[in-house]
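Visitor: I have a model open here and would like to talk through it. Could you walk me through the aromatic residues and then the sheet?

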Amino acid sequence: MERAVWIILNKNFSLTLDGEMADGKVIDKKFSPGNDIWTNELPRLGFSDEKVQKDYDEFISDIFALFSEPSVDEVFINAKLGEESEYLNCENPLLIRKIEEYSVDEIIE
């Protein structure tokens, strides 16, 4: 099983995505806002500062828009390690950077 790790970020926030690459798609997505916390859904964090909360909610909304793009899997899978892609079709542009590829079979052996 081939997996990869990407960082999705804008000027204020970052989110780590770990996903399996199979049949030209990214499946079994796991998201982390940090501190070794992982979830199958985009994390909905709460902030006491209303402006920070608004900025975070826009960040999550922009990621939803990114994942609704028909070619989103190609962007993630075809990226080379360390390569950055920009997603500009949102309020605050997102950067996507592939930081690791690994095989679960190799780790288990």
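This is a predicted model: local features need pLDDT of at least 70, side-chain atom pairs count only at pLDDT 80 or more; totals for chains, interfaces and linings use all residues.

Visitor: Okay, so where does F47 fall, buried, partly exposed or exposed?

Guide: F47 has a relative accessibility of 31%, so it counts as partly exposed, whereas F13, with a relative accessible area of 15%, is buried.

Visitor: And what sort of aromatic pair do F13 and F47 form?

Guide: Their pair is tilted, with 6.1 Å from centre to centre and 45° between the planes. F13 sits in the loop between strand 1 (2–9) and strand 2 (14–22), while F47 sits in the loop between strand 4 (37–39) and helix 1 (50–68), so the pair ties together parts that are 34 residues apart in sequence.

Visitor: How many aromatic pairs are there in the whole structure?

Guide: The search finds eight, and there is also an aromatic cluster made up of W6, F31, F67 and F76.

Visitor: Switching to the sheet, what's the strand order?

Guide: The sheet is open and has six strands in the order 4-3-2-1-6-5, with antiparallel pairing. Strand 4 and strand 5 (84–87) are at the edges with a single partner strand each, so one side of each has no neighbour in the sheet. From one strand to the next, the twist averages 30°.

Visitor: Which residue stands opposite S85?

Guide: That is I96 in strand 6; strand 5 and strand 6 (residues 94–103) pair in the antiparallel sense over four bridges.

Visitor: And which strands does helix 1 lie across?

Guide: Helix 1 lies across strand 1, strand 2, strand 3 (25–34), strand 5 and strand 6, and runs at about 65° to strand 6.

Terms used
Residues are numbered from 1 along each chain as its sequence is written. Side-chain values use heavy atoms; hydrogens and water are left out. Rings of Phe, Tyr and Trp (its six-membered ring) pair if their centres lie within 6.5 Å; planes under 30 degrees apart count as stacked, over 60 as edge-to-face and the rest as tilted. Helices (H or I, at least four residues) and strands (E, at least two) are DSSP runs, numbered from the N terminus. Buried means under 20% relative accessible area, exposed over 50%, partly exposed in between (1.4 Å probe, protein chains only). Two strands pair if DSSP finds at least two bridges between them. Axes are lines fitted to C-alpha atoms, for helices over the stretch in contact, and angles run from 0 to 180 degrees between N-to-C directions. Contact means heavy atoms within 4.5 Å.
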